[in-house]
Amino acid sequence: MTTQVSPKRSRLDPEPMPRRDWLGLGALWAMAVSFLFATVGMMRLPKAAVLPSPSKKFRVALPETLAAGEPFVPPGRSVALFRDEEGVYAISTVCTHLGCIVKPAADGFECPCHGSRFAPDGEVRKGPAPKPLAWLKVSVSGSLVTIDEGTTVPQGTKVA
Ligand code: FES
C-alpha cells in the first residue's frame, strides 16, 4: 500500500483561492463601495441644493438726473423708485392680480399679462387687478436709498 503525500506548501506559495471565494470577495467589495456612496450621498442631503434668494432689503443710488415723478427700476428688482419735491418713495411692480411684473408707462403702470392698468401712485385704473400696487418702506442716507421689499407702508408715504 502506498500513501500519497501531499506536497507541503510554503507561505510564499499559498494554496490557490477557489473561484467561489473570489466571487464572495467581489460581492463584499461591491457592497462596501455601495455603502460608501450611499453614506456620501446622505451627508450631502442636509445642504440646500439651490442658492438662497436675494435679500429683500437692498440699497441703490438714485440717478442724479432722475426727474420728479419719473420711475427708476433698479436692475433685477421688482420695485419702481420715485423722487419728487416731497421725498423719495418706492412702489412694488408686482401685479396684485397674479404676480406678473408691471411695466412703467406714461400714465402709470400696465401689466403685460392680463392688461391691468395702475395710476402713477399704484391705484387700480383697470382690472382685473383687485388691489393697488404696494408701497414699500424706504430710508434715505446721503445719496443712497435703502428699500425693504418685505415691508409695505401706507400709500403716500414719502421719505425726505
Ligand atoms: S397678473 Fe397682472 S393683470 Fe393679471
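# Close-up views of a predicted model

**Figure 1. E86 and D84 each form a salt bridge with K158.** E86 counts as exposed, with a relative accessibility of 53% (buried is under 20% relative accessible area, exposed over 50% and partly exposed in between, for a 1.4 Å probe and protein chains only). The model is predicted: local features require pLDDT of at least 70 and side-chain atom pairs pLDDT 80 or more, while totals for chains, interfaces and linings use all residues. Residues are numbered from 1 along each chain as its sequence is written, and side-chain values use heavy atoms, leaving out hydrogens and water. The side chains of E86 and K158 meet in a salt bridge with an N to O distance of 3.6 Å (a salt bridge is a side-chain nitrogen of Lys or Arg within 4 Å of a carboxyl oxygen of Asp or Glu). E86 belongs to the loop between β2 and β3 and K158 to the segment after β9, so this contact ties together parts that are 72 residues apart in sequence. K158 also forms a salt bridge with D84, in which the closest N and O atoms are 2.7 Å apart. This second pair links distant parts of the chain, with D84 in strand β2 (residues 79–84), K158 in the segment after β9, and 74 residues separating them. D84 counts as buried, at 17% relative accessibility, whereas K158 is partly exposed, at 25%.

**Figure 2. D107 and R117 take part in a network of salt bridges.** The side chains of D107 and R117 meet in a salt bridge of 3.8 Å, N to O. D107 lies in the loop between β4 (103–105) and β5 (108–110) and R117 in strand β6 (residues 117–118), so the contact ties together parts that are 10 residues apart in sequence. D107 is partly exposed, with a relative accessible area of 39%; R117 likewise counts as partly exposed, at 32% relative accessibility. The network links D107, E110, R117 and R125. The total for the model is 6 salt bridges.

**Figure 3. Strands β4, β5, β6 and β7 form an open sheet.** The 4 strands follow the order β4-β5-β6-β7, and their pairing is antiparallel (two strands pair if DSSP finds at least two bridges between them; strands are DSSP runs of E of at least two residues, numbered from the N terminus). At the edges stand β4 and β7 (124–126), each of which pairs on one side only. Antiparallel strands β4 and β5 are joined by 3 bridges, and within this view K103 stands opposite E110 in β5.

**Figure 4. F82, Y89, F109 and W135 are linked into a cluster by ring pairs.** The model contains 3 aromatic pairs (rings of Phe, Tyr and Trp, the last by its six-membered ring, pair if their centres lie within 6.5 Å; planes under 30 degrees apart count as stacked, over 60 as edge-to-face and the rest as tilted). One of these pairs, F82 with Y89, is stacked, at 5.1 Å centre to centre and 15° between the planes. F82 and Y89 are both buried. The ring centres of Y89 and W135 are 4.7 Å apart and the planes stand at 10°, so this pair is stacked as well. Y89 is in strand β3 and W135 in strand β8, so their contact ties together parts that are 46 residues apart in sequence. Like Y89, W135 is buried.

**Figure 5. Strand β8 pairs with β3 and with β9.** Strands β3 (residues 87–92) and β8 (residues 135–141) run antiparallel and are joined by 2 bridges. A90 stands opposite L136 in β8. Strand β8 is also joined by 7 bridges to β9 (residues 144–153), again in antiparallel arrangement. In this pairing, S141 stands opposite L144 in β9. The hairpin of β8 and β9 has 2 residues between the strands, and G142 takes a positive phi near 65° there.

**Figure 6. The average pLDDT of the protein is 84.** A score of at least 70 is reached by 91% of the residues (pLDDT is the predictor's confidence in each residue, from 0 to 100). Where pLDDT is low, predicted coordinates should not be read in detail.
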